[in-house]
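Here is a short report on a single chain.

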Amino acid sequence: MSSHEQIRIVFGESGIRSYSPPNAVGGRGADSRRSLCSDKLLSHGKKWKLEVRLSPTVRTRSSILEPVDLPPPFRLVRLRESRDAFARAIEIAEESGAGTLTYVGRFDLAEFAVVLEPGEPLRTARRAFYAAMLALTDALRAYAPPNKQVTIDWPDAVRVDGGLVGGGRLGWPSSAQEDEPPRWLVFGAMIRTVAMTDAEAGVHPIASALDQEGFGEAGAVHITESFARHLMLTTETWQVDGFDAVAREFLGRLTDEPQISRTIADNGDLLVRRLGADGTERRDLRKCLRSSSWLDPKLGGPRR
């Protein structure tokens, strides 16, 4: 029996939920098999069959007014160029609910944020950040030229062949308790699509843009649409195979660090063990998400 026969994903009034036919799925481990969407992640007023289109459609570079084609669970909120997609999603998260995706139409950046509603305590629900980062890098890989490496500097920065193009961030209610499900989470992303300087690729190896890395006509709309579809796929992977499957994929995207092994703890912290050394280094996810390593507040975008 295939995984699609074992677990059917339904988008309805209660959001994403898993349905397992009798005797189809055996016992599950308490942590690794806990569903990100055990109550709901993306909600929608109607029921829809899960469909994920992975093959990018060839189009010319998107304009800021081009329609954004999102899968049914998502509801688009288009913002003016001067607005902040992440900040706006946090402002309306309580009222608008899961599946709301805010999008800023900018020529030089793919900027968007999505509201999530996990059904588990905040301390473990933050692992949704890894699922969203995986979807973000998958969205880029769908349009990347052959042999281009899309990697992550833990936990939040995205690089293409070593050049910083952007990253992701996560917000949650300030009053949320670690041992209770948060009312919402917001994942926001920025990816630099066009270099706004005259510098050639490789002149400033710290920073880059998709147009400098050979992504052709892939623009903000393409990356946003691709992210939404890959987020659905990553969510299904979590539900079917447990968080361990998501963690393995995420760890495989991290920038190489020689002579170390890495795992993700139940609360999302990164555990690092160095070859030949005693003990394990613990990197605090919650602390790192309080500020974005890739974001330049003065520029309002990725660092240069």
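The text below goes from the whole chain to one helix and then to the ring pairs.

**Basis.** This is a predicted model: local features need pLDDT of at least 70, side-chain atom pairs need pLDDT 80 or more, and totals for chains, interfaces and linings use all residues. Numbering starts from 1 along each chain as its sequence is written, and side-chain values use heavy atoms, leaving out hydrogens and water.

**Whole chain.** The chain has seven helices and 15 strands. These are DSSP runs numbered from the N terminus: helices are H or I with at least four residues, strands are E with at least two. Of its 304 residues, 53% count as buried. Buried means under 20% relative accessible area, exposed over 50%, and partly exposed in between (1.4 Å probe, protein chains only). Among contacts with a separation of 6 or more, 67% join residues 24 or more positions apart. A contact is a pair of heavy atoms within 4.5 Å.

**Helix α2.** In α2, Ala85, Phe86, Ala89, Ile92 and Ala93 are buried. They cover an arc of only 145° around the axis, so they lie on the same side of α2. The arc is taken from the directions from the helix axis to the C-beta atoms. Glu91, Glu94 and Glu95 are exposed on the other side. The buried residues of α2 pack against β4 (75-79), β5 (100-105), β6 (109-116), β9 (163-171) and β10 (185-192). At the start of α2, a side-chain oxygen of Asp84 comes within 2.9 Å of the backbone nitrogen of Phe86. Gly97 follows α2 and has a positive phi, near 85°.

**Aromatic rings.** The whole structure holds seven aromatic pairs. Rings of Phe, Tyr and Trp (its six-membered ring) pair if their centres lie within 6.5 Å; planes under 30 degrees apart count as stacked, over 60 as edge-to-face and the rest as tilted. Two of the pairs are tabulated here.

| Pair | Centre distance | Plane angle | Class |
|---|---|---|---|
| Phe187 and Phe227 | 5.7 Å | 15° | stacked |
| Trp238 and Phe243 | 5.0 Å | 55° | tilted |

Phe187 lies in β10 and Phe227 in α5 (residues 220-241), so their pair ties together parts 40 residues apart in sequence. Both Phe187 and Phe227 are buried. Trp238 is buried, at 0% relative accessible area. Phe243 is buried too, at 3%. Ring pairs link Phe112, Phe129, Tyr130, Phe187, Phe227, Trp238, Phe243 and Phe250 into a cluster.

Note on methods:
A polar contact is a pair of N or O atoms within 3.5 Å; within protein, one must be able to donate a hydrogen and the other to accept it, and residues adjacent in sequence count only if both atoms are side-chain atoms.
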